[in-house]
Amino acid sequence: MRIKQTKEIRSYLKRLQTNIDANYQNDYLDGYVEPNVEKEAIKEIIASGEQDKIDSLFINKEEYINNPYLKNIDFKNCNQKGFSYETVTIEKGYLFNIDEIQDDKDKELKDYMTLRAYRDNVEIPFLKQKDKEWMMASISEFRTNDPYAKMAHGKVLTFGLGIGYFVYMALLNEKVESITVIEREKEVIELFDLIKDKFPNKPIKIINGDAFDYFREDFIKQFDFTYVDIYQNNEDGREIITKLLEQYLPDFDTCKFWIENSCLSIIKTYIYLYYKETYQNTTIKLNKEYLPLMNKVRKYFDNIDKEIDDVNTLKEMMYDKQIIREILHTCC
């Protein structure tokens with residue numbers, strides 16, 4: 001791919017670098033806010049990156065405790081099978097990200113977190129596996145899974161069982177006929193056996209196996225909708241999603257990854273670096289750890305025999321989620 005040297009494109013690339021340097025939302029993450037300074041805090045958080053209108057920074061805990069999964073599943077019986085149950089307190093006013101990373105509406109790398117806090121202290125069920133943090137039934141967990149549970153339909157395949165939240169919510173969806181789960185850990189399946197009688201009465205099949213053995217076209221094509229949730233956060237998620245996509249590139253509309261936008265947001269920065277390299281006809285020196293992804297980006301765009309002469313095309317390519325998947329599918 002070639003990029004024409006124009007005043008508009010040069011200005012666009014400068015804005016991208018400025019926005020990368022100027023995102024200060026992390027300064028507010030894990031901070032605290034009091035109701036009497038909420039208006040001032042909203043102004044600061046919007047200025048730091050969040051673009052959507054914020055009516056309030058505070059969430060009423062009823063939104064959390066009235067979740068149908070939380071109301072029907074009792075974790076207190078899970079103190080066995082290598083797991084231990086306890087609760088943690090989310091203090092009132094504590095700012096945390098309640099959703100996956102949100103796209104900048106201008107498509108200029110001003111992607112942002114949705115920072116919110118509870119008005120009151122909230123007790124959250126927390127499970128440990130062999131004394132290591134395993135799963136927290138938090139509102140962030142709910143909000144980042146619910147859209148995919150509503151999107152699910154027909155015969156559903158999911159990779160990763162976890163505490164069964166996606167399975168439960170998807171089974172409540174009238175469009176879902178059945179769910180097949182691929183779960184590697186026998187202990188997790190045994191844990192699920194303790195709570196499965198509380199789940200909606202639809203067919204559930206659990207296969208004890210590794211996701212990488214089943215993430216292939218001939219298996220996935222048997223299902224109408226596929227959902228992948230086998231990682232802890234965006235850090236390990238990016239690596240796992242990359243390895244899965246190197247193995248097989250599924251249909252975008254019927255195969256979804258948990259917090260995909262958070263996991264793969266960094267790819268947009270690599271695309272910006274490629275734009276910069278191409279525009280300036282240079283090669284940017286990067287640390288060794290960044291090269292595998294950067295080389296995927298280079299190979300993908302180098303294979304496009306086209307000159308780009310407008311900013312909108314560059315924006316659309318950078319924010320195209322299908323393109324980002326195709327980049328990760330690229331072998332170097």
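Colleague: Which element gives the most to the lining of the largest cavity?
Modeller: This is a predicted model, so keep that in mind throughout. The lining consists of E260, N261, L264, S265, K268, K321 and I324. Two elements give two or more residues to it, one of them α14 (321-329). The top contributor, with five residues, is α11.

Colleague: How many charged residues are in the lining of the largest cavity?
Modeller: Sort the lining by class. Two residues are nonpolar and two are polar. Glu and Lys count as charged, and the lining includes E260, K268 and K321. The charged count is three.

Colleague: How many nonpolar residues does the lining of the second largest cavity have?
Modeller: This cavity has a volume of about 30 Å³. Its lining is F75, C78, L127, G162, I163, L191, F192 and I195. Gly counts as polar, and the lining has one polar and no charged residues. The nonpolar count is seven.

Colleague: Now the pockets. Which element gives the most to the lining of the second largest pocket?
Modeller: About 340 Å³ of space lies in that pocket. It is lined by 13 residues, and the closest to its centre are R238, E239, E289, P292 and L293. Elements giving two or more residues are α10 (234-247), α11 and α12 (291-302). The one that gives the most, with six residues, is α10.

Colleague: How many residues in the lining of the second largest pocket are charged?
Modeller: Again, divide the lining by class. Five residues are nonpolar and one is polar. The charged residues number seven.

Colleague: On to the cysteines. Why is C263 too far from the closest cysteine sulfur for a bond?
Modeller: A disulfide is a covalent bond between the sulfur atoms of two cysteines. Here a pair counts when the sulfur atoms are within 2.5 Å. The closest cysteine sulfur to that of C263 is in C255, and the distance is too far for a bond, at 13 Å.

Colleague: How many disulfides does the count come to?
Modeller: The rule asks for sulfur atoms within 2.5 Å. By this rule, the number of disulfides is zero.

Colleague: Is C263 buried or exposed?
Modeller: Buried means under 20% relative accessible area. C331 is partly exposed, with a relative accessible area of 47%. C263 has 0% relative accessibility, so C263 counts as buried.

Methods
Residues numbered from 1 in each chain as written. Predicted model: local features only at pLDDT ≥ 70, side-chain atom pairs only at ≥ 80, totals over all residues. Heavy atoms only, no water. 1 Å grid on protein atoms, 1.4 Å probe; cavity = no way out; pocket = protein on both sides within 12 Å on 5 of 7 lines; lining within 4 Å. Helix = DSSP H or I, 4+ residues; strand = E, 2+ residues; numbered from the N terminus. Points joined across faces, edges and corners; volume = space filled by probe spheres on them. Buried < 20%, exposed > 50% of the residue type's maximum accessible area, 1.4 Å probe, protein only.
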